[in-house]
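Student: Could you take me through one part of this protein up close? I would like to start with its inside and see how the pieces there meet.

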Amino acid sequence: DSRDPAQVRAGNERVIRPRFADAAFFWDQDRRQTLAQRREALKSVLFQAKLGTLYDKSERLSLLAGGIAVQLGGDKQQAEQAARLAKCDLLTHMVGEFPELQGIMGCYYAQAEGLPAEVAVALDEQYRPRHAGDGLPETQAGRALAIADKLDTLIGTFAIGQIPSGDKDPYALRRAALGVLRIMI
């Protein structure tokens, strides 16, 4: 408990105002380019040396998510579109400064661009569940993309021999496997 709550509030405001100003600046700067326009730049971002770039991963995700969406009774084209755009927000200033917003900002940028609602929401839902007890994807495109993303990481990482050990799991494969199971159940 502070004896002077007004001083505490003023100090907090002094710290948070520049962060909000940064966020507003990043929002404006990032919106000068669409998510689709950022896609080509994914070719220069390495996902994993033996598995290729984020562009390569997004191509695999598009094929996987489309097929999974059909199996789930969802819209194949929306799932494929979401998958192609899934990693594009990683190249924005906002996510660069606030990495915990990956997916969330993809959703906001997609909404601002007027993309279909299910595509936009899928960009956020691809990372669900993020942790134990987290919510699951609610849209068909989101479920398809989340399953595709996790399966791509799991299968690709095992295929190149990067199997997790008792104390090492650098690609969070256990969490990915549990996520796929939770979504499927």
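Tutor: Happy to! Let's begin in the largest nonpolar core, which has 35 residues; Leu 35, Met 94, Leu 123 and Leu 145 are the ones that touch the most other members. Several helices contribute to this core: α1 (5-30), α3 (54-72), α4 (76-85), α5 (93-97), α6 (104-113), α7 (117-125) and α8 (140-159) each supply at least two of its residues. Please keep in mind that this is a predicted model.

Now zoom in on Leu 145. Setting aside residues up to four places away in sequence, Leu 145 touches Leu 61, Ala 65, Ala 82, Ala 83, Ala 86, Ala 122 and Gln 126.

Next, follow the chain to α6. Its buried residues are Met 105, Gly 106, Cys 107, Tyr 109 and Ala 110. These buried residues of α6 pack against α1, α2 (35-38), α5 and α7. Just past the end of α6 sits Gly 114, with a positive phi of about 80 degrees.

The model has 2 aromatic pairs. In one of them, Trp 27 and Tyr 109 are stacked, with 5.1 Å from centre to centre and 20 degrees between the planes. This pair connects distant parts of the chain, with Trp 27 in helix α1 and Tyr 109 in helix α6, 82 residues apart. How exposed is each partner? Tyr 109 counts as buried because its relative accessible area is 3%, under the 20% cut-off. Trp 27, at 26%, is partly exposed, since that value falls between the cut-offs of 20% and 50%.

Look for Lys 57 in helix α3: its relative accessibility is 2%, so Lys 57 counts as buried. Apart from neighbours within four places in sequence, Lys 57 is in contact with Phe 47, Lys 87, Asp 149, Asp 152 and Thr 153.

Finally, let's come out to the surface. There, Leu 178, Leu 181 and Ile 185 form a nonpolar patch, and together they have about 380 Å² of accessible area. Ile 185 lies in the segment after α9 (173-184). Is Ile 185 buried or exposed? With a relative accessible area of 87%, Ile 185 is exposed, because anything over 50% counts that way.

Terms used: Residues numbered from 1 in each chain as written. Predicted model: local features only at pLDDT ≥ 70, side-chain atom pairs only at ≥ 80, totals over all residues. Heavy atoms only, no water. Patch = residues over 30% accessible without salt bridge, like charges linked within 9 Å, V, L, I, M, F, W, Y side chains within 5 Å. Areas by Shrake-Rupley, 256 points an atom, 1.4 Å probe, with all protein chains shown as cover. Salt bridge = Lys/Arg side-chain N within 4 Å of Asp/Glu carboxyl O. Helix = DSSP H or I, 4+ residues; strand = E, 2+ residues; numbered from the N terminus. Buried < 20%, exposed > 50% of the residue type's maximum accessible area, 1.4 Å probe, protein only. Core = buried A, V, L, I, M, F, W, Y, C linked by side-chain atoms within 4.5 Å. Contact = heavy atoms within 4.5 Å. Phe/Tyr/Trp six-rings, centres within 6.5 Å; stacked < 30°, edge-to-face > 60°.
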